[in-house]
Amino acid sequence: MARNTQHARPYAGPAASPGRFGLLLIVLIGTYLLSAFAAGRWIDALRIILFTAAALLALRNAMLAPRTARRILIAVLAGSAIMLAVSLTTETGAGIASIWAGLVLLFAVVLIVHRVLSFGTVTIQSIYGALSAYLIIGVMFAAFYAALSSLGGGHFFAGGQPATTQSFQYFSFTTLTTLGYGDFTAAASSGRAVAMLEALTGQIFLVTLVARLVAGFRASGGQRD
C-alpha cells in the first residue's frame, strides 16, 4: 500500500485585503478644498471633525484587535470632541486643538503606511492609501504650523504675511513638494525647523513608498482589488 508522501498544509484562510482607501482619499480632497476656499473659526472646527473622520477611516483599515480598535476609537472621538470645544474659545485653545489635529493625522499616517506595506501585492487600493497618506502629511504639517502661530505669540511668516488656514496649507504643500515659491517663509527658527523636516519627509515618502508602489502596480498588471 503506497504511502502518501504529501504533507497536509494547514488552511490559512482567505488572503487579507489591503484595505479600502477610496473613501478616505475623497474625504481628504474635500478637506483640502474646504481649507483652500473657506476661512473662519467654524471652518477650523469643521476641519477637526473631518480630520477625525479621516483617522477613523484609517483605523477601519488597520490590522488591530477589535478591543484595541474600540479603545482607540473612543479615545479619538472623546479627544476630538473636547478639542472641538476648546478650539472655539481662545487663540491658545485653537493652538492646542491644532496640536491635537496634527497628532491625530500623524496617527492616521502611521496606520495607513503600515497597512499598505504589510501586503506584497500592489493594487489600486494600495496606491489610494499612499496618496491619502501623502495628503495627510501635508495637512498635518499645516496643523502644526497653525499651532506654532497660535502659541508662539509672534508672526509666523516673515514680511508680515497673513497667518491663515489657507496660507498654512499653501505653505505646507509647497514645502512638502519642495516647490519653494518663496512668497511665504517662516520667520522663527522653530517654523523653519519644522519646514525642513516636512521637506525631508516629502522627498523620502515620494522616493520610497509612492515610487515603489507605482512600479509594483505596473509589474502586477494593475490589479484593482
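Residues are numbered from 1 along each chain as its sequence is written, and side-chain values use heavy atoms, with hydrogens and water left out. Because the model is predicted, local features need pLDDT of at least 70 and side-chain atom pairs count only at pLDDT 80 or more, while totals for chains, interfaces and linings use all residues.

**The chain as a whole**

Let's start with the fold. The chain has seven helices and zero strands; here helices (H or I, at least four residues) and strands (E, at least two) are DSSP runs, numbered from the N terminus. Of its 225 residues, 42% count as buried, that is, under 20% relative accessible area, with exposed meaning over 50% and partly exposed in between (1.4 Å probe, protein chains only). Among contacts with a separation of 6 or more, 76% join residues 24 or more positions apart, where contact means heavy atoms within 4.5 Å.

**How confident is the prediction?**

Confidence is given as pLDDT, the predictor's score for each residue, from 0 to 100. The chain averages 84, and 87% of the residues score at least 70. Among the elements, α6 has the highest mean pLDDT (93) and α7 (residues 189–219) the lowest (83). Over residues 1–16 the pLDDT is below 50, and this stretch has one contact in the model beyond near neighbours in sequence. Where pLDDT is low, the predicted coordinates should not be read in detail.

**The largest pocket**

A pocket is an open set of points on a 1 Å grid over the protein atoms alone, where a 1.4 Å probe fits, with protein on both sides within 12 Å along at least five of seven lines; lining residues have an atom within 4 Å of a point. The largest pocket has a volume of about 370 Å³, the space filled by probe spheres set on the points. Its lining has 21 residues, and Asp 44, Ser 98, Ala 146, Ser 150 and Thr 165 lie nearest the centre. The elements giving two or more residues to this lining are α2 (41–60), α4 (91–117), α5 (124–152) and α6 (165–176).

The C-alpha atoms of Gly 159 and Asp 183 are separated by 9.4 Å, with the two residues 24 apart along the chain. Thr 178 has a phi near 55 degrees, a positive value in a residue other than glycine.
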